[in-house]
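Dear colleague,

I am passing on the structure we spoke about, and you will find it directly below. My notes on what turned up in it follow after that.

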Amino acid sequence: MKKAGSGKKLVSGGGAAAVACLVLPLVVLAVLKSDFMPQQVVHIAESSIGEAGVEGAIWQPRQQLVARSKASHDPASGDETPDKVVDANRDLKNGKGFLATKVGMDGSLIKSDGDVAAPRSKLSCNFSSYRTNMCAMQGDVRLHGKTATVYVVSASDDNRPENGTITIRPYPRKWETPTMQLVREVTIRWRAPPGPGAPRCTVTYDVPAVVFSTGGYGVNIFHAITDIIMPLYNTAREYDGRVRLVATNYDRKWIAKYRHALSMLSIYPVMDLDADNEVRCFPSVHVGTESHKELGIDSALSGKGYTMLGFRGLLRSAYSLKREWVTPQNENGVRPRLVMVLRRNSRALTNEAQVLAAATQVGFEVVAAGPEVVRDLDKFAQTVNSCDVLVGVHGAGLSNMVFLPRNATVVQIIPWGEMKWPAWTSYGEPVAPMGLRYVEYETTAEETTLKDVYPRNHTIFTDPVSIHKQGFNMLWETFLNGQNVTLDVHRFRGVLQHIYRSVT
């Protein structure tokens, strides 16, 4: 037998094998009885891991890890605050699992070593709505952002072929083709069991996801509320904040502007789908959002009992609005407040100074709100909530009625051109379900600047409906984008006097 330089004897290969055979069963038995046997895989609950993070493999026997984040939640910045509970007692299905290699700052579990796939996944889609297409998936659902693809693994449904593809533009204005072309298309792919071909999960969550778009006409507050925030409320509110909002056509400025409303729907930052190269796996995913009508919610359609009063309550909390109800002002010698939304490029009041003066003479404390005032949504929401009356020419600025206290009054000035019906649909019909009162002032041919451009025998005056029949573009160019308004101050003052009496 050879000797090492140290003079110690070395055990031969055969002897070592024999010793190992004798000792190994005892070691295995001891380990099996030990509290340190990694029998469960750690499952990271969806939330943040805190400042330190967790690196390396995580195996914890029969205990919970709790980590708290010190950062404040900001949907635009990516910071999160909720406590994290890491449950180490989740059973592995069929003896399969994965080794946790790293925990992301968003509380997700980054995996290696295989997927935990649901044996059966569900996919249901609804294309019957006039406004929107939606698909809901449950089970093993994998989302890859850069390719805008959702994989439904092991999907089973007797009403579908075994393998297939669906495409959806997740924006609820599907009848407007030009608008929808601005929205990125999301592809949904499903596979029959066992569902081969889907990419492996790199990040997994224990909360659902809702995929929507900040594209379309989201820069306009009417469309921001009607097409994005309100449908998100209909779709995501039921999860009480425990849901990931995933945006395609991700617009950082839009996310920042409406961050307070978004934070009431999800306690997590909005995810940018387009820039994401991870394969994120969720227990369920909604692609598309539930939309009922312009600036409104149909509680019968929602099936969840949601109403516009509930939605306005959410906004009141989001923006810390103090007034819930309008109360008579003259009891305390305080003048009722009237905010007038002033336009600049079209449908502007050419005699706004006289109109504002008339409102003051009637007895209102008047707030003039031009674009520079309205632009700061956080402050303007507070301003509107402090008012008893909101006045404006037909247009997106009237959407700020959502911030008014209950029983306040909305006054819509309808421009010339048989615009009563479209004006009513957008900003008249939604008023009552919000708990508000509605007054409309329909202008005459004497109050439009079109009279300075066209003769009185032109069809614009003799048959304005014929302009409508030429299509929306002609209507837009003529009656929406092509005129300003010069109010008959005496006639308008009479309307304001009637409103003043009702609020004092």
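**The disulfides**

Cys201 and Cys281 are joined in a disulfide, with their sulfur atoms 1.9 Å apart. This pair ties together distant parts of the chain, since Cys201 sits in the loop between β11 (186–190) and β12 (203–204) while Cys281 belongs to strand β16 (residues 279–287), and the two are 80 residues apart. The link of Cys201 and Cys281 is left-handed, with -100° about the S-S bond, and both Cys201 and Cys281 are buried. Please keep in mind throughout that this is a predicted model, and that the values here are computed from it.

Searching the whole structure gives two disulfides, and the other one is formed by Cys125 and Cys135, whose sulfur atoms are likewise placed 1.9 Å apart. Here the partners are 10 residues apart, with Cys125 in strand β7 (residues 122–126) and Cys135 in strand β8 (residues 134–144). The link of Cys125 and Cys135 is right-handed, with 110° about the S-S bond. Cys125 counts as partly exposed because its relative accessibility is 31%, which lies between the limits of 20% and 50%, whereas Cys135, with a relative accessible area of 2%, is buried. If the bonded cysteines of the protein chain are numbered in sequence order, the pairing reads 1-2, 3-4. A further cysteine, Cys387, is buried, and its relative accessible area is 0%.

**The chain as a whole**

The protein chain has 15 helices and 21 strands, and of its 504 residues 48% are buried. Among the contacts in the chain with a separation of 6 or more, 73% are between residues 24 or more positions apart. The accessible surface of the protein chain comes to about 23,700 Å², and 52% of that surface belongs to carbon and sulfur atoms.

The largest nonpolar core holds 60 residues, of which Leu245, Phe311, Tyr319, Met401 and Phe403 touch the most other members. Helix α3 (residues 221–236) gives the most to this core, contributing 10 residues. A second, separate core consists of 24 residues, including Leu123, Ile188, Val211 and Met271.

At the N-terminal end, α3 is capped by Asn220, which has a side-chain oxygen 2.7 Å from the backbone nitrogen of Phe222.

Thr132 is buried, as its relative accessible area is 2%, and its side chain reaches the backbone oxygen of Thr289 at 3.2 Å. Apart from residues up to four places away in sequence, Thr132 touches Asn126, Pro172, Lys174, Thr289 and Ser291.

Asp272 is found in strand β15 (residues 271–272) and, at 28% relative accessibility, counts as partly exposed. Its side chain reaches the backbone nitrogen of Asp274 at 3.1 Å, and a polar atom of the Asp272 side chain also lies 3.5 Å from the backbone nitrogen of Ala275. When residues up to four places away in sequence are not counted, Asp272 touches Ala247 and Tyr250. The C-alpha atoms of Asp272 and Lys146 are separated by 9.7 Å, although these residues are 126 residues apart along the chain.

With best wishes

Notes
Residues are numbered from 1 along each chain as its sequence is written. This is a predicted model: local features need pLDDT of at least 70, side-chain atom pairs count only at pLDDT 80 or more; totals for chains, interfaces and linings use all residues. Side-chain values use heavy atoms; hydrogens and water are left out. A disulfide is a pair of cysteine sulfur atoms within 2.5 Å. Helices (H or I, at least four residues) and strands (E, at least two) are DSSP runs, numbered from the N terminus. Buried means under 20% relative accessible area, exposed over 50%, partly exposed in between (1.4 Å probe, protein chains only). Contact means heavy atoms within 4.5 Å. Accessible areas come from the Shrake-Rupley method with a 1.4 Å probe; for residues, only the protein chains shown count as cover. A nonpolar core is a set of buried Ala, Val, Leu, Ile, Met, Phe, Trp, Tyr and Cys residues joined through side-chain atoms within 4.5 Å. A polar contact is a pair of N or O atoms within 3.5 Å; within protein, one must be able to donate a hydrogen and the other to accept it, and residues adjacent in sequence count only if both atoms are side-chain atoms.
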